[in-house]
Amino acid sequence: MVPTPRRLNKLKAIFVKYKDILTYPAEDSHTAMFASLFEPTSVGITDGLTAENNCKNADYGTALLEVLNRMRLNQEHCDFSLQVDGETIFVHKWLLAAASPYFEAMLRNDVKEKAQGTAELIDIDASAVKAVVEYIYSGSIQITESNALPLLSAADLLQIDWVKEQCCELLKRVLKPENCFSLQKYAAIFVKYKDILTYPPEDRHTAMFASTSKPTSVCITDGLMAENNCKNPDYGTTLLETLNRMRLNQEHCDFSLQVDGETIFVHKWLLAAASPYFGAMLRNDMKEKAQGTAELIDIDASAVKAVVEYIYSGSIQVTESNALPLLSAANLLQIDWVKEQCYMHSCADLCDHCHKYILENFQLLTNTEEWLLLSFEEIEKLMKDDKLRVKVEDNAYKALIKWIKHDQSTRQVHLSALMGHIRLPFISTEFLTNHIITEPLLRNDLQCSHFLIDALSYQLLPESGRKCLSSATHNEKRIKSRNEIKHYVLFVGGERIGSWETLSRCEIYNISSNKVIPTSKMKTPRCEIRAATLNGRVFTAGGTIPSHQYSKTAECYNASTQKWTDIASMNDSHSSYGICAHNDLIYVIGGRNTSTVECYNPTRDQWHNCAKLPLIYYWGNRVAVVENCIFNCGGFRDSTQHTSSVTRYDPREGRWYDVKPTSEKISRTRLEHFEVVPYKHFLISVQNHSQRFDVRCNKWEDMPSMHFSRAGQSAVIIDEEIYVFGGRTDFDSSTPVTSVERFNFNTNKWTIVDSVKIEHRIGGAAVISDCFDFSEVSK
């Protein structure tokens with residue numbers, strides 16, 4: 001099920017139209033946000049999608065500690081104090097318990113300090129304790145020659161091992177003849193009495209120094225200038241892991257959330273630091289603060305759990321099934337970073353993304369019931385957009401009339417306003433005369449009648465006269481075609497027939513004009529390669545290079561800049577492989593005599609190994625994405641014969657499945673070259689005697705044969721048609737096939753495109769579909 005325009009538009013409205021609601025008190029913002037709006041569920045919007053993000057906020061731990069430290073310095077929500085040398089240091093007890101085993105043991109047991117909410121630290125330097133507390137709230141500490149020993153003593157008492165290590169490292173660097181004996185004596189205190197670590201925390205420090213002469217920092221570090229500004233890079237992550245374990249074990253939890261009958265135990269001041277919603281709730285004298293619990297209404301329990309997990313880890317998994325519930329929960333709790341992950345960058349970006357999706361999938365969406373329920377304003381916004389993607393303008397008219405007639409008595413008043421956005425001059429003459437002119441709704445509307453007269457006049461005029469009509473109608477837009485998406489095919493690399501030279505050249509074929517123009521060459525000559533398009537870029541990898549070796553290197557072509565750039569190399573070499581784009585990743589699958597599978601993340605410029613193919617293909621293989629799975633088709637050689645197989649890879653499960661056809665397996669001779677392309681729920685094997693595989697019933701079906709026998713050809717699919725390019729007449733021939741053939745699914749026929757000749761063999765081909773201008777390209 002595809003996302004419908006009504007649900008997408010309603011989702012946009014919820015988060016954009018009511019920005020002022022964010023200024024409401026935290027407890028009121030969620031109710032106000034959804035009070036008068038239809039709230040879409042994830043069902044129907046994300047059903048059938050497979051996008052998934054494992055999101056990690058790299059700055060979360062540092063940012064959270066900064067908030068907690070501000071709270072400490074402002075004495076907000078502090079529930080414990082330390083008494084040292086007559087000074088009071090206010091803290092949050094559960095954070096101390098997470099960072100210090102000393103305090104964790106103290107607060108776990110029923111000791112007087114826990115009951116009184118304060119602990120007195122005796123025979124310890126106050127400034128050293130303050131520095132250690134600062135470290136607990138920041139992960140940073142400054143160690144100098146004057147505070148190294150006091151800090152070592154304080155860190156040992158509170159069992160902050162990382163600070164101890166940094167102190168010892170600095171002291172090792174300042175060793176001199178006049179202090180080495182004293183330092184050794186001091187260090188022996190911590191080594192000799194390891195059994196003292198088993199003492200109760202409140203007795204350990206006294207026992208450590210009871211019978212030992214404690215050296216002072218004066219006799220050890222006097223006159224030294226060493227200094228370390230130390231930052232523990234893993235501190236935030238480690239602290240969050242400890243806090244999360246405490247939460248899961250319900251240790252020191254002092255607050256709970258009630259959601260859908262479930263109870264989630266938490267530490268309230270951590271929630272206050274991470275969520276402005278809870279910060280406002282717990283700062284004021286509200287019943288939730290007094291009761292130690294808060295009930296969250298009309299919110300998904302699993303989404304709240306995921307957001308709480310993020311608060312304790314800085315990580316969250318966003319999938320097609322939880323994106324909307326997470327968005328709602330993060331909006332309520334005002335966790336902006338999670339909101340951004342749910343809809344990329346911002347609510348405005350979500351609006352643009354939804355609108356673009358609707359424009360690009362217009363013809364598919366007009367067949368849904370949701371299309372009939374859109375408002376006049378929503379319909380008009382779509383109809384007037386130049387980027388509305390329709391194969392022919394006839395379809396825009398059909399969708400509009402369908403919407404009007406769904407509630408004709410109410411909507412007929414909008415007929416002329418909406419018809420003004422239909423590009424009638426670009427509707428086929430046959431459809432205009434046989435259907436539109438005979439439509440009673442239009443004939444009975446004076447303004448629409450004028451539109452029809454203009455359209456007929458435009459089609460009857462020569463090119464020179466059409467400009468005059470444009471000026472006369474005062475509506476140039478009506479006689480301007482929409483900004484149609486143009487289709488180009490990029491040919492990459494290959495082998496020159498006859499000389500067998502490996503090529504780096506690349507060419508672009510314009511489907512509309514039937515012209516072929518050169519573009520910039522690849523960085524590396526390659527043949528026996530494939531290509532795939534992802535987000536306006538074409539990717540290719542591996543192949544056979546001029547040294548006749550299989551390659552690991554890879555590169556991509558940017559359609560905007562029309563330039564090639566190198567990307568990270570693969571882990572293994574691949575030649576005559578399958579390649580496809582799926583879920584913002586590029587998959588390179590198998591190839592000649594290899595079963596390895598790799599996927600490339602363009603954002604990170606990294607390749608990762610996936611589950612291997614269950615078979616090794618002697619002659620290579622091809623792949624295509626059909627119904628959210630990657631289908632693989634290839635030929636391999638067993639001990640007696642050459643056969644072929646179909647396997648399926650589900651990226652969500654990360655494993656391959658052997659597909660058992662209910663009909664005869666694909667018919668392919670030993671050396672017959674083939675390509676595969678996807679079409680609806682079919683896998684099309686494009687070869688001399690083409691066949692298609694229905695993935696829903698696992699059945700092969702015959703298709704019409706091509707006009708020419710080919711080996712080493714390339715094939716792509718554009719809308720309802722398959723295009724086949726190049727190759728040679730047979731496997732051992734040096735005679736190229738330069739004709740282009742096109743198969744139309746509606747007519748079920750192959751035709752020859754007579755106006756163009758393309759020589760291309762064992763190279764890659766990929767479709768670039770957008771408004772790029774390839775009129776001037778790099779030679």
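**View A. A charged end over a ring, at R247 and Y312.** In this predicted model, the charged end of R247 sits over the ring of Y312, 5.0 Å from its centre. A charge is said to sit over a ring if NZ of Lys or CZ of Arg is within 6 Å of the ring centre and within 35 degrees of the ring normal. The charged end of R692 is placed in this way over the ring of F682, with 4.4 Å to the ring centre.

Notes for all views: because the model is predicted, local features need pLDDT of at least 70 and side-chain atom pairs count only at pLDDT 80 or more, while totals for chains, interfaces and linings use all residues. Residues are numbered from 1 along each chain as its sequence is written, and side-chain values use heavy atoms, with hydrogens and water left out.

View B. Side chains of opposite charge can pair when their charged atoms come close. A salt bridge is counted here when a side-chain nitrogen of Lys or Arg lies within 4 Å of a carboxyl oxygen of Asp or Glu, and by this rule there are 20 salt bridges. In the one formed by R108 and E104, the closest N and O atoms are 2.0 Å apart. Both residues belong to helix 5 (residues 101-108), where R108 and E104 are 4 residues apart, about one turn of the helix. Helices (H or I, at least four residues) and strands (E, at least two) are DSSP runs, numbered from the N terminus. R108 is partly exposed, at 48% relative accessible area, whereas E104 is buried, at 12%; buried means under 20% relative accessible area, exposed over 50%, and partly exposed in between, with a 1.4 Å probe and protein chains only.

**View C. The salt bridge between K405 and E439.** The closest N and O atoms of K405 and E439 lie 3.1 Å apart, and the two residues form a salt bridge. This pair links distant parts of the chain, with K405 in helix 24 (residues 393-406) and E439 in the loop between helix 27 (429-436) and helix 28 (440-443), 34 residues apart. K405 is partly exposed, with a relative accessible area of 41%, while E439 is buried, with a value of 12%.

View D. The side chains of R530 and E675 meet in a salt bridge with an N to O distance of 3.0 Å. R530 lies in the loop between strand 13 (515-519) and strand 14 (531-534), and E675 lies in strand 26 (residues 675-679), so the pair ties together parts that are 145 residues apart in sequence. R530 is buried at 7% relative accessibility, and E675 is buried with a relative accessible area of 6%. Salt bridges link R530, R622 and E675 in a network.

**View E. Aromatic rings around Y135.** Rings of Phe, Tyr and Trp (its six-membered ring) pair if their centres lie within 6.5 Å, and planes under 30 degrees apart count as stacked, over 60 as edge-to-face and the rest as tilted. The structure holds 21 aromatic pairs. One of them is the stacked pair of Y135 and W162, with 5.5 Å centre to centre and 5° between the planes. Y135 in helix 7 (residues 126-136) and W162 in helix 9 (residues 161-173) are 27 residues apart, and their pair links distant parts of the chain. Y135 and W162 are both buried. The rings of Y135 and Y235 have their centres 4.8 Å apart and their planes at 50°, so this pair is tilted. Here too distant parts of the chain are linked, since Y235 belongs to helix 13 (residues 235-248), 100 residues from Y135 in helix 7. Y235 is buried, as is Y135.

**View F. A cluster of rings.** Ring pairs join F491, Y509, Y723 and F725 into a cluster.

View G. Two strands pair if DSSP finds at least two bridges between them; strand 16 (residues 554-558) and strand 17 pair in the antiparallel sense over 5 bridges. A554 stands opposite I567 in strand 17.
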